[in-house]
Amino acid sequence: MDAQSRYNKIKEKKLNIDASRGKPDANQTALSLGLLDTLTDCPTSIVNYGGLDGIPEMKQMFADMLEMNPNEIIVGGNASLTMMFDAVQTLIQSGIWQCGKTKIICPSPGYDRHFAICQHLGLEMITIPMTTQGPDMEMVIKLAADPNVGGIWCVPVFSNPQGYVYSNETIKALASMQAANPNFKILWDNAYAIHHFRGRRPQILNILKECENHGNDTRPIIFASFSKISLPSAAVACMAGSASGMEVFRKRLAIQSIGPDKVNQLRHVRFFKDLQGIETHMKKHAEILRPKFELVTKMLSQQTDSFTDPDGGYFISLETAPGKAKKIQTMCKEAGVLFTDAGATFPYGKDPHDTNLRIPPTFLSMEELEQAMEVLCLAMELA
Ligand code: PMP
């Protein structure tokens, strides 16, 4: 049967598969349901107000995970995205960044929600290319010579969507480069720090230490979260940085809240215990994730070699023939398989060459994933 006939036949099946977002599957979230049984008792200090930047044990757990000092950690609520939004808004409100003037460097393809925050809060975005080693640093250094360039978004480990890991040269360059704007910020979203499913955890340089070594201690604002370790809707997030770098955020927090959800923090501390406990848990995620990523790469490789094959994270990045990504995504949609909108991985939803599609292998069952990839491969062939 030719490709068109196979595509028409699949269409008749009226599939209804949502492959649009990188969510853990039910087996993964089941790994953490034990969190709900950890609190038959709860100390008064936990259930009452106070402890604005988190309970000491939770700060320690994040510090161990990020190889930082607990006093550099501010524990937040369930989502790091909320903290990122708040951080950007705080920088604007305090006059450190200015709407309509400050521009943010956005290595792309990148995380759509980072771009959405900038767009929503009125910060202009500058699209620059990603490489396998991280952002194109020659361009970053050139752009940072402009005082209106206020910062850069970074996902240093298993970047969304490629799954690239920043090289130490990239990290050193980001930390040491001259920036004309004295308030240049690196928004360091370390969402996938320990989310490897093959081999060992990537060892990257500590961005804060590197920045401190060059007198740029207020440059990095670090984010991390348990969303893809425990339960996405009931996780714990943090932000981190030097004492002076965090000052503006701590001031805001003191007005904004009398204290975070310490009950959930205690749940996490009791359930995971320590870094070793988290690492053991992540191995269980890895066992679930690895076969899904392998299925996707195996099926894609029958059609193309323009895709990433990461050792961790939640996504695979696919490069279609120029001008074809939107068409392919639409064809998939018409056959009942929903992928993230083509263009979403670029600022303003504009992929200059219309080539990038983001594939999240995690949420679907192996059977659904196979069907989704069959449709995608057919659409690529036909487009
Ligand atoms: N950062 C990145 C790079 C992500 O891919 C995601 C989830 N897709 C998040 C942050 C969201 O994290 P949280 O659930 O903690 O808001």
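**View 1. Helix α11 and its surroundings in the predicted model**. Helix α11 spans residues 262-272, and its buried residues are Lys262, Asn264, Gln265, Leu266, His268, Val269 and Phe272. These buried residues pack against α3 (44-47), α4 (56-66) and β2 (73-75), and also against α12 (275-301). At the start of α11, the backbone nitrogen of Val263 has a side-chain oxygen of Asp261 within 3.1 Å. After α11 comes Lys273, a residue with a positive phi, near 70°.

**View 2. The crossing of helices α13 and α14**. Helix α13, made of residues 325-334, packs with helix α14, made of residues 366-382, at an angle of about 130°, and their axes lie 9 Å apart. Because of this angle, α13 is oblique to α14, and the crossing of the two helices is right-handed. On the α13 side the contact is made by Ile328, Met331 and Cys332, while α14 contributes Val375, Leu376, Ala379, Met380 and Leu382.

**View 3. Ala79 in the loop between β2 and α5**. Ala79 lies in the loop that runs between β2 and α5 (80-93). With a relative accessible area of 19%, Ala79 counts as buried, because that class takes in values under 20%. Between Ala79 and Met366 there are 28 Å in space, C-alpha to C-alpha, and the two are 287 residues apart in sequence.

How values were computed
Residues numbered from 1 in each chain as written. Predicted model: local features only at pLDDT ≥ 70, side-chain atom pairs only at ≥ 80, totals over all residues. Heavy atoms only, no water. Buried < 20%, exposed > 50% of the residue type's maximum accessible area, 1.4 Å probe, protein only. Helix = DSSP H or I, 4+ residues; strand = E, 2+ residues; numbered from the N terminus. Contact = heavy atoms within 4.5 Å. Polar contact = N/O pair within 3.5 Å; in protein donor to acceptor, adjacent residues only side chain to side chain. Axes fitted to C-alpha atoms, helices over the stretch in contact; angles between N-to-C directions. Parallel < 35°, antiparallel > 145°, perpendicular 65-115°, else oblique. Left-handed = near helix turned anticlockwise from the far one by under 90°.
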